[in-house]
Amino acid sequence: MTATRVAPAVEMVLVSKVFNRGKPNEVLALDDISLSVGQREFITLIGPSGCGKSTLLRLMAGLLDPTVGEVTVNGKTANQARADREYGIAFQTAGLFDWRSVQQNIELPLQLMGWSKRDRRQRAREMLTLVKLEEFGGHYPRELSGGMQQRVAIARALSFQPSILFMDEPFGALDEMTREHMQTELLRIWDETHTTVVFVTHSIPEAVFLSERVVVMSPRPGRLFAELPVDLGARDFDTRESPEFFERVTAVREALRRPDGVE
Amino acid sequence: MTIGASSDPGTSAAVADEVRRYERRVAIRMAVRRVAVFVSFLVVLAFAYTGYKAFGGAIDDAQTEWPVVGSFLPRSDDLTMPPLLDIAAEVSVPPQRNNAKPLGVFVLEAALFTLREAALGFFLGVILGIGIAVLLVRSKWLERGVSPYIVASQTIPLVAIAPIVIIWGRTSLDWLPFTWEDWMSVALIATYLTFFPVAVNGLRGLHSPAPEDVELMASYAATPNQTLVRLRLPASTPYLFVAFKLAATVAVVGAIVGEISAGVRGGLGRLILDFAGRYTTGPERLYVSVAGAAALGILAFGLVTLSQRFVRAARVRESVST
């Protein structure tokens, strides 16, 4: 346990990813990525669509293998970390199984891990409390709004208390008001659970509001070309309207517009 | 798309309950409507039958005046289209002089005999079809290699297979702990038809989960078996139920055709064959037995539709495939 705490949550060394290698439609998706994510850090990957940020997240999650380079998660290879359930993941679509109740959805990973029914139920109830959906355990996903579905997805991802949470544009399909509400909720959950969060988004204000560090990516091939620390301290409702917030937003926007980058 | 209902969970729970109640009411209304549509369909059919009968009779009388129409529209008389009331009346008349049983009972018994074959054929086909689909979804290589042969299997005419299966059943299954009877062979013939839609649709259903759902299972390091049981099979149920409905009706057809081509007595197939042979002396009997076959098919379809109500995964996701 102590060994994994010392290692960074995610470490990528000179990672490249080529799709369809050796075929006419070969694509260099990611090029020479080196990146380190500290334990309990909240980091955001931002870039225009097609910059490979989702691919980067999948490499970290061990859902894809890098063509070149090394990915370690909590000191293990990404695949081993996946096998050891070191992380939970949430996608843009909540991806709840609609034949399962909210409670059963949250229990899914626990069920796969062979937890007893009683322990599963107990933990699911705790998670429902964490995401403030106590009354909805018996409901079915389609009876819930988009924001509520995403909260269930987060509860499911964190149900087995992994040390890392990977999120791939989880609020991308939500309306602006729900989205801001969810961001505040996510920060509260991050604070309560001491989880490392790697968050992929294409929204600049979202990246600035959420994270301690914003990693800016360029497209085709995906490269990291800026890392901006966001030292805004604890966020609250006023953060979004503070001059410091707008400063950071501008800084990220400028980084995205660098000549070798977008547009 | 989504309204910010998430900000107030207290009232949302009540809303969700209300939605659920509303959906139940809609479901009941739909069921009532379905029955009403079916009954009106029967009425329309009766009117159409009687109407054409009158019209066809007129053509017959007016041959000389309507030479063109009369030459391609079939004529009608009491032999080709017996009056509906005569057909209905025939139900209570014994079909044979030495038999006291009325035709209705006769057809009912034959229908039950055929139903037994069809039911066994249906269940065997479902098991075989799902088995094949599960096997093929496991391996792209198998899927590519075997799929063409599954399609090709359906091009072999049933009439050719039927006698082979019957003879094979009579001669080489004496090692079984129970006596193999001809009706079981007919069930096998029906299986030959029923497994096909189940395998094809089942495979489609097993492939239906979104890539992200599959990735989610991978992120939990789920085994292939877990992914199959917890994701792919539940996701495939709406597709499977479409196939089950098809298979249920096809099982009845398969059983009837199987009986006829294998010469098995006791079922609707043989009855239809007999009454067709004696058509000129009583066309009503054939009509009654055909109506019995149709009713059996509708019953099989209805039973599957009803059972779908009890499978949550299929009910919740009905809109996915239909």
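**Reading the terms from the model**

Tutor: Gladly, and let us start with one residue: B:Ile161 has 18 other C-beta atoms within 10 Å and is partly exposed. Keep in mind throughout that this is a predicted model.

Student: What makes B:Ile161 partly exposed?

Tutor: A buried residue needs 20 or more such neighbours and an exposed one has 12 or fewer. B:Ile161 has 18, so the residue falls in between and is called partly exposed.

Student: Where does B:Ile161 lie, and which residues is B:Ile161 in contact with beyond its neighbours within four places in sequence?

Tutor: B:Ile161 belongs to helix 6 of chain B, residues 158–172. Leaving aside neighbours within four places in sequence, its contacts are B:Ile156, B:Ile189 and B:Tyr192. As for B:Ala187, that residue is 26 places away in sequence and 13 Å away in space, C-alpha to C-alpha.

Student: What elements make up chain B?

Tutor: Chain B has 13 helices and zero strands. Of its 322 residues, 34% count as buried. Among its contacts between residues at least 6 apart in sequence, 73% join residues at least 24 apart.

Student: Let us turn to chain A. How do you know what span to expect for helix 9 of chain A?

Tutor: The expected span is 1.5 Å times one less than the number of residues. Helix 9 of chain A, residues 243–256, has 14 residues and reaches 20 Å from its first C-alpha to its last, close to the 20 Å expected.

Student: Which residues of helix 9 of chain A are buried, and why are they said to be on the same side?

Tutor: The buried ones are A:Arg248, A:Val252, A:Ala255 and A:Leu256. They cover an arc of only 105° around the axis, so they sit on the same side of helix 9 of chain A. On the other side, A:Pro243, A:Thr250 and A:Glu254 are exposed. As a general rule, an α-helix has 3.6 residues a turn, so residues three or four places apart point the same way.

Student: What do the buried residues of helix 9 of chain A pack against?

Tutor: They pack against strand 3 (42–46), helix 8 (204–210), strand 9 (213–218) and strand 10 (223–229) of chain A.

Student: What makes strand 7 of chain A mostly covered?

Tutor: Five of its five residues are buried. A:Ile164, A:Phe166 and A:Asp168 point one way, A:Leu165 and A:Met167 the other way, and all are buried.

Student: What about the other sheet: how do you know that strand 4 and strand 5 of chain A pair?

Tutor: They are joined by two bridges in the antiparallel sense, and since at least two are needed, they count as paired. In this pairing A:Thr72 stands opposite A:Thr77. Four strands of chain A form this open, antiparallel sheet in the order 2-1-4-5. Its edge strands are strand 2 (27–37) and strand 5 (76–77) of chain A, each pairing on one side only.

Student: And how many residues bring the two chains into contact?

Tutor: 33 residues of chain A are in contact with 28 residues of chain B. Helix 6 of chain A gives the largest share of the chain A side, four residues. That side divides into 17 nonpolar, eight polar and eight charged residues.

Notes. Residues numbered from 1 in each chain as written. Chains lettered and ligands numbered in written order. Predicted model: local features only at pLDDT ≥ 70, side-chain atom pairs only at ≥ 80, totals over all residues. Arc of directions from axis to C-beta. Contact = placed C-beta atoms within 7 Å. Nonpolar A, V, L, I, M, F, W, Y, C, P; charged D, E, K, R; others polar.
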